[in-house]
Amino acid sequence: MGEKDRAQKWVTAGLAELGRSGIDGVRVEVLAQQMGVTKGGFYRQFKDRDALLKTMLEQWAEGRVETIEGQMALKGETAEKRLRSVIGLFTERVNTQGIAIELAVRQWARSNKLAAGAVERVDAARLELVSPLYRSLGFSAEAAEARALLFYSFLFGQSLLLFRTPPARRKTLLEACAAVLIPGAESH
């Protein structure tokens, strides 16, 4: 296993622990124990905990932006169909670990400038990639930006608010929300 792979294992473990127990839980000794290695292995990969945290944030932000770019590419679809497809990605299955990490990074961003910068970068990418889809549907720049904000607020909010909602009720609610968020979306 190469050095890059070893470092990546620490980052992956760090992000998972961040999602489980927040930034205070991301400690070298905790991660080393979980990974079944010594703390010395950590220091061969990173100068210190701050270097790991910085790498975690960079990878989280880069990964989110890359994913968003892939999700928002039209891929031969109309803007309306792409928006529906993205809603489907977020509503058909709940990625509990992804949501936990997202929330933990956002909580961390409340008290850390580096984390706040990563969150701002990801949020800006989300809005910048969704707004043009709404613009292509005929909305003004201001209205498209507002719709993009509502779109992402819905995607993340529904995963938190409807977590225990029975599947049939959840489906009905999500379809009704999609009809409001996406002009021309069919109401059921």
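A residue counts as exposed when its relative accessible area is over 50%. The model shown in these views is predicted.

**View 1. Lys75 sits in the loop between α4 and α5.** Lys75 has a relative accessible area of 58%, so this residue is exposed. Its backbone also stands out for a student of angles. Phi of Lys75 is near 50°. That is a positive value, and Lys75 is a residue other than glycine.

**View 2. Helix α9 covers residues 167-181.** This helix has 15 residues. From the first C-alpha to the last, α9 reaches 21 Å. That is close to the 21 Å expected at 1.5 Å a residue. Which residues of α9 are buried? They are Arg170, Leu174, Ala178 and Leu181. Seen down the axis of α9, these buried residues fall within an arc of 70°, so they line one face of the helix. An α-helix has 3.6 residues a turn, so residues three or four places apart point the same way. Ala168 and Val180 lie on the other side of α9, where they are exposed.

**View 3. The buried residues of α9 pack against other helices.** Their partners are α5 (79-91), α7 (113-136) and α8 (141-161).

**View 4. Helix α4 packs with α7.** Helix α4 spans residues 49-72. The angle between the two helices is about 5°, and their axes are 9 Å apart. Angles under 35 degrees count as roughly parallel, and α4 and α7 are therefore roughly parallel to each other.

**View 5. Helix α6 crosses α8.** Helix α6 runs over residues 96-109. How far apart are the axes of α6 and α8? They are 11 Å apart, and the helices pack at an angle of about 110°. α6 and α8 are therefore roughly perpendicular to each other. The crossing of α6 past α8 is left-handed. On the α6 side, Ile99, Glu102 and Leu103 take part. They meet Phe156, Ser159 and Leu160 in α8.

**View 6. Gly98 belongs to helix α6.** Is Gly98 buried or partly exposed? With 29% relative accessibility, Gly98 counts as partly exposed. Ala16 is 82 residues apart from Gly98 along the chain. Even so, the C-alpha atoms of Gly98 and Ala16 are separated by 9.0 Å.

Key: Residues numbered from 1 in each chain as written. Predicted model: local features only at pLDDT ≥ 70, side-chain atom pairs only at ≥ 80, totals over all residues. Heavy atoms only, no water. Helix = DSSP H or I, 4+ residues; strand = E, 2+ residues; numbered from the N terminus. Expected span 1.5 Å × (residues − 1). Buried < 20%, exposed > 50% of the residue type's maximum accessible area, 1.4 Å probe, protein only. Arc of directions from axis to C-beta. Contact = heavy atoms within 4.5 Å. Axes fitted to C-alpha atoms, helices over the stretch in contact; angles between N-to-C directions. Parallel < 35°, antiparallel > 145°, perpendicular 65-115°, else oblique. Left-handed = near helix turned anticlockwise from the far one by under 90°.
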